[in-house]
Each structure stands twice: as structure tokens, then as C-alpha cells.
Amino acid sequence: MPERFHSLLRRQLKRCFGGVERVPEECRPFVEAVNDAYRQADVDRVMLERSLELSSEELGEANARLRQAILELQAAHGDLERRVAARTDALEAAHERLRHAQKMEVVGQLAGGIAHDFNNLLTVILGSAELLLESGARDRFESGLEDIHNAAQRAAALTQGLLAFSRRQVLAPRVVDLNAVLHAIQKMLTRVIREDIALHVEPAAAPAWVRIDPHQIEQVVLNLVVNARDALPDGGRIRLEVENGPWVTLRVADNGVGMTPDVQERIFEPFFTTKEVGKGTGLGLASVYGIVHQSNGSIRVESAPGAGTTFTLSFATAEAGANGDGHVAPMPAAVPDRDVILLVEDEHAVRDVIREMLQRLGYEVLEATTPFEACAIFDRRANDIRLLVSDIVMPGMSGVELAHRIAEERPELRILLMSGFAEPGAGAQATAPSGAGFLEKPFTPSELLRYVREILG
Amino acid sequence: VLNAMQLEQSHWSGDRWSPAAPGRLGADVQLVLVFGSRVALQRRDLLDEIRRAYPRAHVTGCSTAGEICGTQACDDTLVVTAVAFASTRVVVASQALAEDVSSEDAGARLAAGLAPHDVRHVLLLSDGLHVNGSELVQGLTNGLPPRVTVTGGLSADGPRFERTVVIVNGEPRERAVLAVGLCGDALRVGYGSVGGWDPFGPERVVTAARGNVLYELDGQSALSLYKRYLGDKADELPASGLLFPLRVRNDRQSRGLVRTILSVNDKDDSMTFAGDIPDGGYAQLMRANFDRLIDGAAEAAGISAASHDGHAPSLALLISCVGRRMVLRQRVEEEVEGVRDVVGPDAILTGFYSYGEIAPFAPNASCELHNQTMTVTTLSEA
């Protein structure tokens, strides 16, 4: 019976009545009700405490999940911001490269156009000067004619640089080992630099096969080394390094004065130079840029004032020995005969000079001002003509097209194509009939003779 | 006073009537409300005696989880309240809840059964275990003119949740719903419904529910959650589930409704509530706040009485949730006394502890099923 009562009520009943059993009978229902209330209060308290504990626990867990979610969200946000920043930088860099490339393209077109026209003019000037020098006029005008000749030749070198930059030079690409190219010119490079400069050449471990015009790449390396030398007024070292990888890379590094970003931005522009007046043409790096790009390569410069300069050239790796036309036969020494040559040239002055040159060499020359006229002459004298000498760029029909038409009828006919510049895109050499020769304007009568003899020989 | 309603109340308790056996108003009575324990209601002699006492009256009522008589809350008794209206007419419609009749259909049929066009107010009494109270109310109110108000409750079976009965034509019926239509312009009706429970703990998402059956909250078994919170009281489910009603709402902005458990099913780990649980909505456990429960009852009475233009109501029908009784226990009469203080000493108080309350949340709001509230309906005639 006593256990039926709540412990606190038991104590209170003991204090008031002297014990549970001494509670008067008439108070029993009252005591029962109080006991029930006490017990219920305990049950309610336990329930409330459990509710508080469980819900605090649940809210705590929810809070932790929320905090974790916030952390993840912040991380994702940070990651997103970093990615946006990286993409923005990449886009800006790409935009800058594009802008630069477009500028170079425009300058290249301009330079190429000028060079082409100048080459035609120079062919006339050079040819005429040489013809005069060989004629009786020599005695009276020798020094003047020499000056004209020399000036024209310097001008020709200048247009050559411009053409290189504008990627319109006639290239003769072959598969070569870049290591071997460097090895071949190392001695010459040593002569170009001064004694206070050390030249290190580090070839790649294995042959570095690339498809390039070896003479042009020599020119490129020479230009870069000369620039490196000029960046080392107090001496230092120049390092040439070839590496095989996804691409073949050639690094030309110096520990010289370096360049500011502003200068780096403009170094490939033609006629931009930091050298003293008269020391540089402003075409060295421009032609390097043109040749590398025309050879489907790329060039990158890294530099900072006082921290030296590194040029990195990259070319696609070529398959070893995939040449076919690599080797050029030595020029035969033959005497001219009365062979008939069909000359096609739309520029009147140029045509006159070339005709004069060929006639002096003892050839019979049939002249045509257009490819169509040439076709007409060919129809009449097909059997006499041994050689077609034609300009490449002409209105209506190109020299290459003309060569194909004639070669169809007379496969044994020899062909020599002349041009002021290589056609952009697919080169004339790639599309011309096999065995055709190429001659770059401007040329001297002796160069023309050598080519004509080679082809007819 | 000839133009006011007459009332007579008899309380059968311990095998005798007090203050007197029913019958003084006799044939003047149009409506008798009988609330009692299921066992007492199934005694044929008692209902026969009531029918004989009021030969022209509609004898209506239901089983309870406690009867309210005056300011007393009793068990195992019958409270009989006879109403002789001065001019109000009474119509009654009932409907059995069969397998092929949805709760909404049953409500619609009740509305159709209350044909008169001058119905002012409907008292709705329903089976307490086999009904979707939300749908029943929806069906009924859809079938009634908008100006007609509805209050009422779900019958109960003490804390047992086994069988409930509704008194239809003086007979106890299981699985039945009953609508009492009060017609005429002289009738004044007020109602108020207030809870007094506090939501606590995290608000959870209802992740699996169908109609009034709840499976999961936040992807976890709802029944397991209740068992954790109930501790050793889990053995007393579903009754002990009333200690933690559920506040449910469709979105975090709405006020929401309070829902209590009618039954649990361990086999499919489900809980059946008295009204709909919105799938995809929000649910939060609630707990009792004693002072607010008691104050809430008086508040409900105040809202209800305010509709009587300054006159004291003649009859107050109190329908309070069984959950409140379980929590308040010995203090349960405090909520009835709170109502008495508001409606005045002359009003007759009757009513019962229910498995669900039916009323608009506020005057002019649409009628809804509530749980865990004290719902007070007050009547008077002009």
C-alpha cells in the first residue's frame, strides 16, 4: 500500500499525520487525487525532458547539416569564382593573341604587297644595271652603274625580309634533323658572337625531325643569335637547346638585358627596332616570325628587364626520312645553244629585261604578255619550244595553270616559274607540274642563266 | 419568456437521473442532444426513456471520451439536453459510411438531405474512427449555400479508439454521420475554436503520405519518430499519440492545422490521422502548454459569444479534444469553467470530448476539421 504513493507525498503525509497509515479515512480520496497529480506531474516532466533532449539533438543535427551545406556552398562558390577568373584570363589572353595576330596579318599583307611590287621594279633595275655594265656603257658610267646595282641589291635583301615576314617567301621545306642543322652552323655562329659570350648548344638526345626549309631555319637561328648577342653588351651566355616532345622545340636563351612587356609586344613588327639607327634593319625578328609561321610553327618570347630573354620555337614532329625530293642534283656545266624559250610576263618592263637577258645568253625568245597569248604561240610553235619561262601571278590564269596546260600536250617541255612572292596557302611548288623550276624575283642575269641551264641540262 | 428557446438538462450517472428524469418540456421539444459513453448509449432502456419523454423531438447525439454537463467533465454517464425552440425549425439528415461511399460523398448526401432553403446552421456529428473528417466537411459545405455555417465534432470512444456511435432517430449507429439543420431567421449562432498547443523541434517535410495516412517525415518513418518521443508511453498508442499532435501546413507561410492520430499500423509502419496530411507539406510536433490550453477555451467561448449582439447565449455546445482531457486530467474542468465565466451563469452547457472538432477557424472563414481544440458553439433566439 505505501508504494502506491509518490515519495514526496509519503514524506508530507508522514510529517502531517505521522505516516500514510494514519491518514483519516475521509481524507483518502483527497490524498489519492493529490498522489495522482504528483505522479502525473512526474510523467509529464519526464516526457518534457525527453522531448527537449530529442528535439535539441535533432535541431543540432539539422544545424550541423546546414553548416556543412553552407561550407560546401561556399567552397563551390569559391571554386566557381576561381574558374570564372581563370576563364576570363584565358579569354582575355586569347583575345589579345587574336588582336596581335590580326595586326601582324595586316602589316604582313601590306609588307608583302610592297615587296612584290618592289621586286618587279628591282628586277628591272638590277637587270638593266647588269646589262649596261656588260655593254659599252660600262666605261663611261661604271661607278654610277655599280652604285645602282649595289643599291638595288640592298633593296632586294630588304624586300626579301619583308616577304619572309609576310610569309610569302618561296620555301623549299624538307624533313631535316634540327640537331644536324644547328651542328652545321655552330662554327659560323661562334664567329658572329663576341669572345666575351659563351655559346652552348644542347641538341636533343634523339634526332629532332621537322619539315622546314633548312636554309631559312639557319637564317632564323642566325637572327636570334645576333639579337641575343646585342642583348649582351657586357658579355654573358647564349644557350641553344633542342627538345623532343609532343612538338620539337628550339630554345634560344640569353642572360642579357631583357625586354619590357611593351617592347615584347612589338618585337615581331617589321621596322620596329631598339637598336641604334643604322645598326638594325628592323626586319630580323619580323622575318623570323614569318618564316616560323610559314613553316607551320609557332614562336613565343619570355623576357623581363634584367632577366634575359628566351625565344621558344615549336614545330610539328615530322616522320623521319619522309622526304622524297630531298636531294638536289649538282648543277651541270653546260653551254647555251639556240634553244627556243617561251617567255610569259604581264609586266612590260620586267618582260623586256628578262628577254634582253635571255637573248644575250644566246636563246631565241618568244614573248607573250598573257597566258592566253602564250597558248596561241605554243599552238603555232609547239615543236620548237624547249622551255617555258613564266611569271606565276597574272590576271586571268596563273603561271602554274598555264604550265599544266602546256605540260599536258608536251610532257617533255621544261618549265621555269618566276614569282615575286609565294602564294599564300598552298605553295606554287606543291601544285606545279613535277620537275618545274622556281626562281624568286629579283634575280640577276647570271642567276637566270644558272637556272635555265640547270633546267635545260 | 415566450419568444425565447426553452432548455432542459438531465444527467444520468450512477444509475440515476439528476436533477430529474427528462420530460418536463415534453412534446414542445424539437431537438434532444444526447452525449454519453458508448456502453451507456447502447442501453436500450435509457434511449427508449428519452424518446418517450420527448415524443416529437429528433433524438440525436454520439459517444464520447467524456461528457460535459455544466462545468463537470464526466465518464460513463449520459447528458441529455432538450431544446424547445420558439420559432426555429429542426431538420435532420443522416448517412451511413459504407465501403463504396467516400467521406466527401457522405457529406454531399447530408447536404442534399437538408433540403429546406432557410437552413441557418448545421450541427455535424460523425463517426470518429472510419471517416476522413476533412473530406466530410468539404462534401457538406460544398453542398450548402455559402451563408450556412457548420460546427460539430467526431464521436469518440474514451481512450480506446475501438468503436464509436452516432445517435440517429434515437438509435445508436456505428459508421454513421448526422447533420442537424437549424432553420429560421430568429436563430443566433456563434462559434469559436482555439487550440493552445506549442509547436516544438524541427519542422519536417512530409515525404510520404496519402490522404489522412502518414508514412514518412524527412524520409524517416513517422511512427518510429513518435515512438522515440513517447518513450515507454509508445505502448499506449494511438491514445498516447494525442500528447504530440502534429501541426501540418502546405507551406511555411500558412497558419496550418492541428492533426491527431486515430490509429497506428505497425504492419505498414503508418499512422492514420483525423484529417488530411498534405504530401510534400510541412509537419511539426506540438506539445501541451497547460495555461494556454485553459486560456484557449475561454478565448473560444469569447469569440463564440461575440456573435450574440450583447445578449447572453442560451445554450453552449462544447466540443473539446480527447487529447486535451488526457493532458489536463484533474485540471480538465478548468477549461469548462473558463467557458462558463464567459457565457454567463444562465446558459446551459453541454458537450463532449471528441476525436475531432468541426468549425471555421474564425467567423466567415471556411469550415474545417480541427484537432486538439476547444470548439464552442453558442445558440440563442431573438
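The model is predicted, so local features need pLDDT of at least 70 and side-chain atom pairs count only at pLDDT 80 or more, while totals for chains, interfaces and linings use all residues; side-chain values use heavy atoms, with hydrogens and water left out. Residues are numbered from 1 along each chain as its sequence is written, and chains are lettered from A and ligands numbered from 1 in the order in which they are written.

**Chain A: helix α9**

Select residues 371-381 of chain A, helix α9 (helices are DSSP runs of H or I, at least four residues, and strands runs of E, at least two, numbered from the N terminus). Within α9(A), A:Pro371, A:Ala374, A:Cys375, A:Ile377 and A:Phe378 are buried (under 20% relative accessible area; exposed is over 50% and partly exposed in between, with a 1.4 Å probe and protein chains only). Viewed down the helix axis, the buried residues of α9(A) fall within an arc of 165°, so they line one face; the arc is that of the directions from the axis to the C-beta atoms. On the other side, A:Asp379 and A:Arg380 are exposed.

**Chain B: the open sheet**

Turn to chain B, where six strands form an open sheet of mixed pairing, in the order β8-β13-β9-β10-β26-β27 (two strands pair if DSSP finds at least two bridges between them). Strands β8 (89-96) and β27 (367-370) of chain B stand at the edges with a single partner strand each, so one side of each lacks a neighbour in the sheet.

Finally, select β9 (residues 119-126) and β13 (residues 176-183) of chain B, which run antiparallel and are joined by seven bridges.
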